[in-house]
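Please view the sequence and the structure before reading on.

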Amino acid sequence: MAFGGGWGGGVGVGPPGAPVAGLPFGGIPSELQAGVDHLLADEPEHAEPDVVFSQNGSEDDGHQLTLWRLLVRYPRMLASASVVIVLMSVTLQAGPLLTQIVTDHGLNPHHYHFSVVVWAALAYLASTVIGALAQRRQVEVTGRLAAGVMNDLRIKIFTHLQRLSLDYFTAEKAGVIMTRMTSDIENLQQLLQDGLAQFAIQGLTMVVITVVMLVLNVKLALITLFLVIPILTLMSLWFQHRSVVGYDKVRDGIANVMADLSESLHGVRIVTAHNRQRRNVVHHRNVVGEYRDANNYTAHINAVYGPGTQLVGILGQAALLAIGGVMVAQGSLTIGDLFAFFLYLNRFFAPIQLLVQQYNTYQQGQASVLKLRTLLETEPDVKEAPDASELPAIAGEIVFDNVAFGYDPAIPVVHDVSLRIAPGETVAFVGPTGAGKSTLAKLIVRFYDPTEGRVLIDGHDISTVTFSSLRRQLGVVPQEPFLFAGTVRDNISFAHPDASDAEVEEAVRTVGLAELMERMPQGVDTVVHERGQSLSSGERQLIALARAFLAHPRVLVLDEATSNLDLQSETKIEAALDILLEARTAVLIAHRLSTAMKADRIVVVDEGRIIELGSHDELVAAGGRYAEMYATWSRQVDVASESHR
Ligand code: ADP
């Protein structure tokens, strides 16, 4: 294999980006090549998972999520598991039958047959070995089956979460979504890995034992079965009923413990600042206490049921000995049969107990399937139209055409907004908090659909174009920039992961990050922590601006950061903004009038309506709300500069 100047011949080895990063690669020395080939031959292949991703809401195959549907995607493993399960259930029950044969035919004092004993011993050995091998195979197959199904399910749910629109994430707690991905899926894992197989094995074992007992002696079989089964059924029904309630409480309990823990961890600064530690401990103690009580309850019912069924078993065996003993004395039953019966009856109870316990696992798994099904059936509110067209390259005209909107349709927060923003124009939205400025911005990028009216870009109703063609041409800079764990480069090239070094460099230079990058140990390859906590808020904002710059959007929607920055950072950000806004349509949600003043036009929003519209000079001259805001602001600036002197 020729590795000479790059990775060309090495299938699946090394990061594909390596040559781009300019790393020298001398190739693998020929004496090591054989070793590398050998290693690669054993490497598992991780094929690209087949992810169906679309946002028009009808992507799913229309089938409901059920355990069975998840399993049938693996027909070969399913068949293999069934075969080994049958094999296990049969071979593992050979022991008592062979004991009966040896007692009655091998060790019979009237005609002693040593060969029978030897053959029976060999058969026992063989059945044990086959049983053990089958069990090994079963554990392996069901483990792989569970891992496969879990993998499918995780990808399916994650993909679905990516499709859902923002309203879902506002309404649903992040903790609940995480629970779906963790505890619900793990619940299923337990069921798939062991539960279903055990269910089948124990069920089959009971059938095998019943058949063997009936073959050995119908009368005794019927007597014993009728003696113990009704009592066991009653006990199992009781346990079943109680355990459903008990395990439900346990699940709620652990969910509450996790929710409380996660909330206090997230709010640890506020907790400390407000001296809430003691109260928090008391609250957590109560939550944990409820969880403990739920566990105590299930321990109690298990303690009654487990030994209870054992007692019934022992009493059953005692009755069997008495009845069977009389039958042996009368000559209607051999000693070997009695032996075998005795052993089988013992083995009859374990599956019942296990079945009932497995039924709990099954129910918990089913409950999880239901929750996951509900999640998967949630349709995004903002959907791509089935016949959505590609939005052609735009000039950047934005039109609000009689738009009304409410997060809850019954409570409108934007009323009857009509506005045209010309291509290349910079428009600032100003107004009090809660006026609806961000909501208007969200409607432009189609995070939500208006309840009335339309939003048009270059004359195209944005609800009729594809998401990808729309969002490719729009840039959004949120108030609090979100940085992902990764390098600065990854964060800047987020929208264009294949951006070249030169493009990243240009973005860094343009927004004025070059100096910072020089100070960082690995420049743009320095790793930033999750949410950019290792950077200052000004630096985070600059990275977000570089991200927007690199994407070269025609329309930029920018929610100005409200955080107080030092003068130097602020100057830098203002300079970066000037460049970023150049030659593109921009909508600024301005929290500072100094920013708003730079815009071509200012839109004053109040209570979801546009109350004033015009340039800074026009609005000041008009003497309306903006003029008032400006006067207040100017006074404050004057006072501030006075006090500086
Ligand atoms: P502004 O950006 O002008 O401060 P917003 O557009 O964020 O105001 O909010 C307008 C109104 O909509 C407010 O009353 C706010 O409480 C409400 N609102 C904002 N976001 C949501 C949401 N995700 N769900 C429900 N109501 C919301």
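## Cavities and helix packing

Helix α18 gives the most to the lining of the second largest cavity, with 3 residues. This is a predicted model, in which local features need pLDDT of at least 70 and side-chain atom pairs pLDDT 80 or more, while totals for chains, interfaces and linings use all residues. Residues are numbered from 1 along each chain as its sequence is written, and side-chain values use heavy atoms, without hydrogens and water.

A cavity is a set of points on a 1 Å grid over the protein atoms alone where a 1.4 Å probe fits but cannot get out, and its lining residues have an atom within 4 Å of a point. The structure holds 2 cavities of 30 Å³ or more.

| Cavity | Volume |
|---|---|
| Largest cavity | about 190 Å³ |
| Second largest cavity | about 40 Å³ |

The second largest cavity is lined by L577, D578, L581, L588, T595 and K598. Around the largest cavity stand 18 residues, with Q541, E560, A561, I573 and L577 nearest its centre. To this lining of the largest cavity, α17 (537-550), β9 (555-559) and α18 (567-581) each supply at least two residues, and α18 gives the most, with 4 residues.

Elsewhere, helix α8 (residues 218-266) packs against helix α10 (residues 277-330) at an angle of about 170°, their axes lying 9 Å apart. The two helices, α8 and α10, are therefore roughly antiparallel to each other, a term for angles over 145 degrees. Helices are DSSP runs (H or I) of at least four residues, and strands are runs (E) of at least two, numbered from the N terminus.

Notes
Axes fitted to C-alpha atoms, helices over the stretch in contact; angles between N-to-C directions. Parallel < 35°, antiparallel > 145°, perpendicular 65-115°, else oblique. 1 Å grid on protein atoms, 1.4 Å probe; cavity = no way out; pocket = protein on both sides within 12 Å on 5 of 7 lines; lining within 4 Å. Points joined across faces, edges and corners; volume = space filled by probe spheres on them.
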